[in-house]
Amino acid sequence: MNLSNWKNELENSSSPADLNEFIQKMKQYNLPNCVFVDNTASSDLPNYYKQIFESSISVVTCNKIANSSSYQEYKNLKETARKYGIDFLYETNVGAGLPIISVLKDLRMSGDQILKIEAILSGTISYIFNHFKGENTFAEVVKKAQELGYTEPDPRDDLSGIDFMRKMLILARDNGYEVEAADVKIDSILPKSCLEAATVEDFYQELVNENDYFEKIKHQADEEQKVIRYIGILEDGKISISLELVDNQHPFYALSGSDNIISFTTARYKERPLVVKGPGAGAEVTAAGVFADLVNISSIR
């Protein structure tokens, strides 16, 4: 294939897309230093990871499904990759292009003890609470976030905290804890009526109906001179995600835009935790993170 014309060749190809056939052909080629890159959110693709590893092919992925499904599945994939001596890199599972997974790995490899992890790992929720100020209603801010492309088509997919939970689960497992999704304590941002709305349009109407609920939270934050943050905490193997009001002494107080932030309190970084902060969402930074993983594999080999 002429790579300078790949798009036209792909569009004009007579071969239908077939994932299973693609995997089989990739294995048949048996190319040295081969890497399979999964840039999807598909729940089907991770089912192929094990057989890809068994063919001595590394995997780079931003897809969180494999690492946040059952602990047994997570363990099996890690052990299979180790057994066949290939790489399984997924930096972009948490914080897009931010060096979070790698920092955790380096801390543990160097013998440090992770005492506590605190994090804001949803760019969508960060944006919403950073703009839920003044005369802006919660419904208006969520709508604006959706118009800017920060939310899923149904904003409840973000505001439910499920994606945030997956990221915290991966951090906990990479820190050596055998935890399942059911073990995570999640405090909902939204009232029950908003979560149970039949359609997205009905959801927005419920946000308007529940305006007093959100205004009360905003008023309390203003009264106490604090800001609203949705924070995940991992400590002693337990994960909790909850809405909190933090003052200007908290490292998460000055978070802006749609940034992510994570704080590692360790045996070495005890008095002053190690903090990683920056854009935690977006195609460009995620693509950079995936590419960095790919380059890391090539440099290792």
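Colleague: Which element gives the most to the lining of the largest cavity?

Modeller: α7 does, with four residues. Helices (H or I, at least four residues) and strands (E, at least two) are DSSP runs, numbered from the N terminus. The model is predicted: local features need pLDDT of at least 70, side-chain atom pairs count only at pLDDT 80 or more, and totals for chains, interfaces and linings use all residues. Residues are numbered from 1 along each chain as its sequence is written, and side-chain values use heavy atoms, leaving out hydrogens and water.

Colleague: What is the volume of the largest cavity?

Modeller: About 40 Å³. A cavity is a set of points on a 1 Å grid over the protein atoms alone where a 1.4 Å probe fits but cannot get out; lining residues have an atom within 4 Å of a point. The volume is the space filled by probe spheres set on the points, which are joined across faces, edges and corners.

Colleague: Which residues line the largest cavity?

Modeller: Ile120, Ile125, Ser126, Phe129, Asn130, Ile228, Arg229, Tyr230 and Leu255. α7 (123-131) and β6 (227-235) each give two or more of the lining residues.

Colleague: Is Cys34 buried or exposed?

Modeller: Buried, because its relative accessible area is 15%. Buried means under 20%, exposed over 50%, partly exposed in between (1.4 Å probe, protein chains only).

Colleague: And Cys194, buried or exposed?

Modeller: Cys194 is buried too, at 0% relative accessibility.

Terms used:
On a 1 Å grid over the protein atoms alone, a cavity is a set of points where a 1.4 Å probe fits but cannot get out, and a pocket is an open set with protein on both sides within 12 Å along at least five of seven lines; lining residues have an atom within 4 Å of a point.
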